[in-house]
Amino acid sequence: AYDPINVANGHLYIGGGVVNHNCSFLGSAGTLIIGDKLQKLAFVDPIWVSETEDFKIYEKPDPTHKYILTADVSEGVDRDYSVISIFDVTERPFKHVAKYRNNQIPPEMFVDVIAKLGKKYNEALAIIETNSIGVNVAKDLWLEYEYENIVRSVERESGAKVSYGGQSKLGVKTTKATKRIGCSTLKSLIETDTLITNDFEAISELSTFISQNSSWGAEEGKYDDVVMSMVLFAWFTQQQAFEDYMSGAMNSVLRKARQDQEWGMPDIQFTDGIEDDGFDNTMFAPPVSRGSDGDAEILHELF
């Protein structure tokens with residue numbers, strides 16, 4: 001018997017139409033998720049995937065469901081990926097129902113994708129990572145697109161805390177403390193089957209997401225952008241605001257944030273010289289359906 005090494009997609013590979021795991025390596029390098037659980041994670045084909053395979057849908061929006069959108073923002077220069085993950089939190093287990101992943105899209109255009117997907121998924125509550133360029137993305141989403149459902153937070157030594165007070169800022173900065181909470185919670189959610197993901201890139205990244213100098217990150221040469229979008233979600237489930245969102249109590253807070261003039265941020269606008277119509281045509285059309293004609297109808301309804 002032979003044990004494949006240096007597998008292109010981390011420790012997962014496909015052989016004979018079956019997903020195989022390079023089991024001797026899973027968990028051996030201190031992965032966040034224990035090896036036994038990693039071996040049991042399985043990906044499924046999305047009900048629809050874009051022609052470039054950047055955008056994958058696992059469940060279409062249900063008008064009666066609640067969704068949370070997380071966005072991990074990169075600079076769009078062929079290095080790290082900008083990622084959007086959408087989670088259905090209507091009931092447990094929570095489900096990872098859609099994902100967008102692209103390492104070439106400029107941040108000024110990435111915000112357009114966030115707005116489109118958020119609106120299609122019932123004005124999903126958006127959690128934007130703001131460690132660097134994400135600050136501008138969050139502001140643009142708020143000011144230019146007038147997207148109200150954005151999480152605001154304040155920084156504390158114990159980690160970011162959701163807040164809509166005068167000192168709060170749009171989005172969430174992932175400090176070491178915030179990341180530690182998010183990673184610990186993500187581990188618990190996945191290992192107890194409270195969060196289900198069937199996305200190939202998510203599972204692949206989890207298999208190479210390891211302990212590094214008292215923190216967590218991708219193995220050298222690997223990526224962790226999808227995982228970090230999941231870490232943001234996991235962190236949020238530990239906030240009181242998550243329960244408020246589930247109960248509907250957060251709606252009035254979000255409306256007040258839009259109306260309150262004390263938020264007054266500078267009027268920042270971006271000009272990229274790219275027409276919106278051209279971007280839309282490139283990004284979302286023509287679609288490639290994988291499955292029945294019903295799946296094509298889903299896409300037509302979405303975009």
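Buried, in these notes, means under 20% relative accessible area, exposed means over 50%, and partly exposed is in between, with a 1.4 Å probe and protein chains only. I'm working on a predicted model, where local features need pLDDT of at least 70 and side-chain atom pairs count only at pLDDT 80 or more, while totals for chains, interfaces and linings use all residues. Residues are numbered from 1 along each chain as its sequence is written, and side-chain values use heavy atoms, leaving out hydrogens and water.

**Entry 1: Leu-186**

I started with Leu-186, which counts as buried at 0% relative accessibility. Leu-186 sits in helix H4; helices (H or I, at least four residues) and strands (E, at least two) are DSSP runs, numbered from the N terminus. What does Leu-186 touch, not counting residues up to four places away in sequence? I got Leu-32, Ile-33, Leu-195, Leu-206, Val-227, Met-230, Val-231 and Ala-234, with contact meaning heavy atoms within 4.5 Å. I also looked up Leu-232: Leu-186 lies 46 residues from Leu-232 in sequence, and their C-alpha atoms are 9.0 Å apart in space.

**Entry 2: Thr-174**

Leu-232 turned up again here. Leaving aside neighbours within four places in sequence, Thr-174 is in contact with Glu-129, Asn-131 and Leu-232. Thr-174 belongs to the loop between S11 and helix H4 (176–191). Buried or partly exposed? Thr-174 counts as buried, at 19% relative accessibility.

**Entry 3: strand S6**

I went through S6 residue by residue. 7 of the 7 residues of S6 are buried, so the strand is largely enclosed by the rest of the structure. Ser-82, Ile-84, Ile-86 and Asp-88 point one way, and Val-83, Ser-85 and Phe-87 point the other way. In a regular strand the side chains alternate between the two faces of the sheet.

Then the partners. Strand S5 (residues 67–72) pairs with S6 in the antiparallel sense over 6 bridges; two strands pair if DSSP finds at least two bridges between them. Val-83 in S6 is the bridge partner of Asp-72. S6 and S7 also pair in the antiparallel sense, over 7 bridges. On that side I noted Asp-88, whose bridge partner in S7 is Lys-95. A hairpin of 5 residues joins S6 to S7.

Most residues other than glycine have a negative phi, and most peptide bonds are trans. I went looking for exceptions.

- The peptide bond from Arg-92 to Pro-93 is cis, with omega near 0°. Pro-93 is in the loop between strand S6 (82–88) and strand S7 (94–102).
- Asn-122 is not a glycine, yet has a positive phi of about 60°. I found Asn-122 in the loop between helix H2 (107–120) and strand S8 (125–128). Asn-122 counts as partly exposed, at 29% relative accessibility.
- Glu-123 is not a glycine either, and has a positive phi of about 55°. Glu-123 is in the loop between H2 and S8 and counts as partly exposed, at 36% relative accessibility.

**Entry 4: H2 against H3**

How do H2 and helix H3 (residues 134–143) cross? Their axes come within 9 Å and cross at roughly 50°. Axes here are lines fitted to C-alpha atoms, for helices over the stretch in contact, and angles run from 0 to 180 degrees between N-to-C directions. H2 and H3 are therefore oblique to each other; angles under 35 degrees count as roughly parallel, over 145 as roughly antiparallel, 65 to 115 as roughly perpendicular and the rest as oblique. On the H2 side, Pro-107, Val-111, Ile-114 and Ala-115 make the contact, and on the H3 side Val-137, Asp-140 and Leu-141 do. I sorted the residues of this contact into 6 nonpolar, no polar and 1 charged, with Ala, Val, Leu, Ile, Met, Phe, Trp, Tyr, Cys and Pro as nonpolar, Asp, Glu, Lys and Arg as charged, and the others, Gly among them, as polar.

**Entry 5: Pro-107**

I followed Pro-107, which is in helix H2. Pro-107 is buried, with a relative accessible area of 8%. Leaving aside neighbours within four places in sequence, Pro-107 is in contact with Val-73, Ser-74, Glu-75, Ile-133 and Val-137. The C-alpha atoms of Pro-107 and Ser-82 are separated by 8.2 Å, with the two residues 25 apart along the chain.
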